[in-house]
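Subject: Structure for your review

Dear colleague,

Please find below the structure that I am handing over to you. My findings follow it, and I would be grateful if you read them with the model open.

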Amino acid sequence: MTETIEQKCISKGVKLTEQRKIIARVMSESKETYGESDHPDVDELYNRVLKVDSRISIATVYRTVKLFEESGIVSKHDFKGGKARYET
């Protein structure tokens, strides 16, 4: 079993607020829900997070994904068309 984003955050000392936990869970479950080739961009991730908690803003999703990327928890991939996509 692969390590979840929440587990990676804990091992790297990244503080997990309730909102970050939700974003981490949605990202961790994306391959199960959407298939192995799923690499959501922030807008797609935001739409998925909204289904869990509508109080989370897109700015929070952007900041959290950036934190996860800077901490080495997720990888960013830049594709043509200017959309960055993320994978665990």
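I begin with helix H4, which covers residues 58–70. H4 has 13 residues and reaches 18 Å from its first C-alpha to its last, close to the 18 Å expected at 1.5 Å a residue. Please note that this is a predicted model. In the protein chain, confidence is highest in H4, at a mean pLDDT of 95, and lowest in strand E2 (residues 84–87), at 64. Where pLDDT is low, the predicted coordinates should not be read in detail. The protein chain averages a pLDDT of 86, and 83% of the residues score at least 70.

Overall arrangement

The protein chain has 4 helices and 2 strands. Read from the N terminus on, these elements follow the order α-α-α-α-β-β. Of the 88 residues in the protein chain, 35% are buried. The chain exposes about 5,600 Å², and carbon and sulfur atoms supply 48% of that area. Among contacts between residues at least 6 apart in sequence, 48% join residues at least 24 apart.

Which residues of H4 are buried? They are Thr60, Val61, Thr64, Val65 and Phe68. These residues lie on the same side of H4, because they cover an arc of only 125° around the axis. The face turned away from that buried side carries the exposed residues Arg63 and Glu70. After H4 comes glycine 72, whose phi is positive, near 80°.

Threonine 64 has its place in helix H4. Its relative accessible area is 3%, and threonine 64 is therefore buried, the cut-off being under 20%. Leaving aside neighbours within four places in sequence, threonine 64 is in contact with Arg20 and Ile23.

The nonpolar core

In soluble globular proteins, nonpolar side chains tend to be buried together. The largest nonpolar core here has 19 residues. Those with the most contacts inside this core are Ile5, Ile23, Met27, Leu45, Val61 and Phe68. At least two residues of the core come from each of helix H1 (5–12), helix H2 (18–34), helix H3 (42–52) and H4. H2 gives the most to the core, with 5 residues.

What does isoleucine 23 touch, if residues up to four places away in sequence are not counted? The residues touched by isoleucine 23 are Leu45, Val49, Ile56, Thr60, Val61, Thr64 and Phe68. Among them, Thr60, Val61, Thr64 and Phe68 are also buried residues of H4.

Helix H1 and the segment before it

In H1, the buried residues are Ile5, Lys8 and Cys9. Seen down the axis of H1, these buried residues fall within an arc of 100°, so they line one face of the helix. Ile10 and Ser11 are exposed, and are carried on the face of H1 turned away from its buried side. Just after H1, glycine 13 takes a positive phi of about 80°.

Threonine 2 is found in the segment before H1. Threonine 2 is exposed, with a relative accessible area of 69%. Threonine 2 and serine 28 are 26 residues apart in sequence, and their C-alpha atoms are 9.5 Å apart in space.

Two further residues of H2

Lysine 21 has its place in helix H2. Is lysine 21 buried or partly exposed? With a relative accessible area of 29%, lysine 21 is partly exposed. Leaving aside neighbours within four places in sequence, lysine 21 is in contact with Glu6 and Leu16. Lysine 21 and glutamate 6 are 15 residues apart in sequence and 6.7 Å apart in space, C-alpha to C-alpha.

Serine 30 also lies in helix H2. Serine 30 counts as buried, at 5% relative accessibility. The C-alpha atoms of serine 30 and proline 40 are separated by 8.2 Å, and the two residues are 10 residues apart along the chain.

Yours sincerely

Key:
Residues are numbered from 1 along each chain as its sequence is written. Side-chain values use heavy atoms; hydrogens and water are left out. The expected span of a helix is 1.5 Å times one less than its number of residues. Buried means under 20% relative accessible area, exposed over 50%, partly exposed in between (1.4 Å probe, protein chains only). The arc is that of the directions from the helix axis to the C-beta atoms. pLDDT is the predictor's confidence in each residue, from 0 to 100. A nonpolar core is a set of buried Ala, Val, Leu, Ile, Met, Phe, Trp, Tyr and Cys residues joined through side-chain atoms within 4.5 Å. Contact means heavy atoms within 4.5 Å. Accessible areas come from the Shrake-Rupley method with a 1.4 Å probe; for residues, only the protein chains shown count as cover.
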